[in-house]
Amino acid sequence: AFIYVKSIDGRLRASMNKADPSAVALLNSQKREPGEPFNMIIMGTDNREGETSARSDTLIVAHIDPKKKSATLMSIPRDSRVDVPGHGTTKINAAAAYGGPSLVIKTVEAFTGMTISHYVEVDFNGFKDLVDALGGVTVNVPSKIQDPKAGNYDASAYTLYAGEQLLNGKQALTFVRSRQFPEGDIARIRNQQVFIKAIFEKILKFSSAFKINAIVEATIPNVTTDLSVGDVLGLMTDMKGMQKSDLETVTMPGTPKYIGGVS
């Protein structure tokens, strides 16, 4: 157990070393008390081949309550019109491009009134490694999806048919990336929330150390965070016994419209 924890420690420290120093300094100035409820930003980056945009593609505010063993994930649509400190009114996904995770944190705190204690940045492409480490994830695909771009132009992955099925990592990327729906990003958020719950349910069933290690191996290389090893292990202990019903997903309310030709 000691060797295993030391192994996680080394890999997580490497992840922490990639963390945005400005974000770490900001979060260190507003540390939470251990065991108390806290808010964390989960930011997904979806850098497709040939694209250099540093905008956040997926943005979630997680409210985690260790005492109640519950979590609520609020998805924020990427085109949400907000005030980005120092840059005026613009889309929220621009905050990451203007000032990295620290500006994303300041932006979210400004318009929600919530204090953010931690952040996690996930490489969206690395997401498929997690799904494969889980042996695939079963979801009910609401309607047919045929999106070559979302599926990285992989013919074996970019077409999904409606109905319940086991998705591998490549297929899962198509499911959570595609916006080819009448509601665009709002529909994509719904699919992401369905998939997050499916992943959570599958992880809850794992008790094997081998399986847990496979999840860690797949996740840590694709994650940047300010969370320390102690934070992670403490949170795992606090949330032990959490059930599927203890995870809630919601979407920040708003009204889709075009303003000055911009969505």
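Which element gives the most to the lining of the largest cavity? Keep that in mind as you open the viewer; the tour reaches the answer at the third stop.

**Before you click**

This is a predicted model, in which local features need pLDDT of at least 70, side-chain atom pairs count only at pLDDT 80 or more, and totals for chains, interfaces and linings use all residues. Residues are numbered from 1 along each chain as its sequence is written, and side-chain values use heavy atoms, with hydrogens and water left out.

**Stop 1: the whole chain**

Start with a cartoon view. Of the 263 residues, 45% count as buried, where buried means under 20% relative accessible area, exposed over 50%, and partly exposed in between (1.4 Å probe, protein chains only). A contact here means heavy atoms within 4.5 Å. Among contacts between residues at least 6 apart in sequence, 70% join residues at least 24 apart.

**Stop 2: the nonpolar cores**

In soluble globular proteins, nonpolar side chains tend to be buried together. A nonpolar core is a set of buried Ala, Val, Leu, Ile, Met, Phe, Trp, Tyr and Cys residues joined through side-chain atoms within 4.5 Å. Select Ile41, Leu59, Ile76, Val104, Ile105 and Val108: of the 22 residues in the largest core, these touch the most other members. Two or more residues of this core come from each of α2 (21-28), β1 (38-45), β2, β4 and α3 (94-112), and α3 provides the largest share, 6 residues. A second, separate core has 21 residues, including Phe127, Leu134, Val139 and Ile215.

Now centre on Leu59. Leaving aside neighbours within four places in sequence, Leu59 is in contact with Ile41, Ile42, Met43, Met74, Ser75, Ile76, Ile92, Val104 and Val108.

**Stop 3: the cavity**

Rolling a probe the size of a water molecule over the atoms shows where empty space is left. On a 1 Å grid over the protein atoms alone, a cavity is a set of points where a 1.4 Å probe fits but cannot get out, while a pocket is an open set with protein on both sides within 12 Å along at least five of seven lines; lining residues have an atom within 4 Å of a point. Grid points are joined across faces, edges and corners, and a volume is the space filled by probe spheres set on the points.

The count comes to 1 cavity of 30 Å³ or more, and the largest cavity has a volume of about 50 Å³. Select its lining: Asp57, Thr58, Leu59, Ser75, Ile76, Pro77, Arg78, Asp185, Ile189 and Gln192. Here is the answer to the opening question: α6 gives the most to this lining, with 3 residues. Both β2 (58-65) and α6 supply at least two residues each. The lining divides into 4 nonpolar, 3 polar and 3 charged residues; Ala, Val, Leu, Ile, Met, Phe, Trp, Tyr, Cys and Pro count as nonpolar, Asp, Glu, Lys and Arg as charged, and the others, Gly among them, as polar.

Pick out Asp185, in helix α6. Asp185 is buried, at 13% relative accessibility. Not counting residues up to four places away in sequence, Asp185 touches Pro77, Arg78 and Arg179.

**Stop 4: the second largest pocket**

This pocket holds about 810 Å³ of space. Select Asp79, Ser80, Thr255, Pro256 and Lys257, the closest to its centre of the 25 lining residues. Elements that give two or more residues to the lining are β4 (81-84), β5 (88-91) and α6 (185-204). The largest share, 3 residues, comes from β5. By type, the lining has 10 nonpolar, 8 polar and 7 charged residues.

**Stop 5: aromatic rings**

Rings of Phe, Tyr and Trp (its six-membered ring) pair if their centres lie within 6.5 Å; planes under 30 degrees apart count as stacked, over 60 as edge-to-face and the rest as tilted. The structure holds 2 aromatic pairs. In one of them, Phe175 and Phe195 have ring centres 6.0 Å apart and planes at 50°, so the pair is tilted. Phe175 sits in helix α5 (residues 169-177) and Phe195 in helix α6, 20 residues apart. Phe175 is buried at 0% relative accessible area, and Phe195 is buried at 1%.

**Stop 6: a loop to finish**

Most residues other than glycine have a negative phi. Asn152, in the loop between β8 (145-146) and β9 (159-160), has a positive phi near 55°. Tyr153, in the loop between β8 and β9, has a positive phi of about 60°. Asn152 is partly exposed at 40% relative accessibility, whereas Tyr153 is exposed at 61%.

Key. Helix = DSSP H or I, 4+ residues; strand = E, 2+ residues; numbered from the N terminus.
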